[in-house]
Amino acid sequence: MRSADRSALGSQALAYGAVVALAAVAGLAVRGTAGLLGALLAGVVVAVFLGSTPVVLNPVARSSPVLSLPAAVLFFLVKAFAAMAVLFLLFDVGGVAEHVDRRTFGLAAVVCSLVWTALALWSFRRRRVLTYDLGDTPS
């Protein structure tokens with residue numbers, strides 16, 4: 001990973017962590033400990049699901065640009081089923097629902113997803129990415 005990518009990822013992670021901390025404090029203030037756990041859990045789930053995309057798809061795109069779109073669609077379907085499984089297990093097995101406020105979890109997940117997406121867009125706009133290569137042949 002290039003140092004520019006590392007520094008962008010570091011600032012993005014710092015800003016995202018601040019948003020998760022604010023959501024956790026708000027959840028604690030409004031819903032108590034269950035709200036705190038719901039907001040923290042939402043921050044972790046969003047980070048894992050949205051953070052896994054570049055980790056999985058960037059190597060595929062570098063090795064075979066032709067396979068990047070089918071890989072992205074397949075990975076999206078896998079993440080959709082994984083999200084359903086996580087939500088099912090989170091609120092149906094082991095009494096987790098008694099300790100986590102669902103409303104705070106949902107609201108924090110939406111806010112964290114929007115912030116993650118905005119930070120990713122901000123980071124992408126600051127990067128210099130070649131969209132095509134003119135090559136060395138004269139036209």
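Colleague: Which residue has its backbone oxygen 2.9 Å from a polar atom of the side chain of S52?

Modeller: This is a predicted model, so local features need pLDDT of at least 70 and side-chain atom pairs count only at pLDDT 80 or more, while totals for chains, interfaces and linings use all residues. Residues are numbered from 1 along each chain as its sequence is written, and side-chain values use heavy atoms, leaving out hydrogens and water. The backbone oxygen lying 2.9 Å from a polar atom of the S52 side chain belongs to F49.

Colleague: Where is S52 placed?

Modeller: Helices are DSSP runs (H or I, at least four residues), and strands are runs of E (at least two), numbered from the N terminus. The protein has four helices and zero strands. S52 sits in residues 33-63, helix α2.

Colleague: Leaving aside neighbours within four places in sequence, which residues does S52 contact?

Modeller: Contact here means heavy atoms within 4.5 Å. With those neighbours set aside, the partners of S52 are A47, F75 and K79.

Colleague: Which residue forms a salt bridge with R31?

Modeller: A salt bridge needs a side-chain nitrogen of Lys or Arg within 4 Å of a carboxyl oxygen of Asp or Glu, and the structure holds one. R31 lies in helix α1 (residues 3-31), and its partner, 70 residues away, lies in the loop between α3 (68-92) and α4 (102-126). With the closest N and O atoms 3.6 Å apart, that partner is D101.

Colleague: Is D101 buried or exposed?

Modeller: Buried means under 20% relative accessible area, exposed over 50%, and partly exposed in between (1.4 Å probe, protein chains only). R31 has 39% and is partly exposed. D101 has a relative accessible area of 16%, so D101 is buried.

Methods: Polar contact = N/O pair within 3.5 Å; in protein donor to acceptor, adjacent residues only side chain to side chain.
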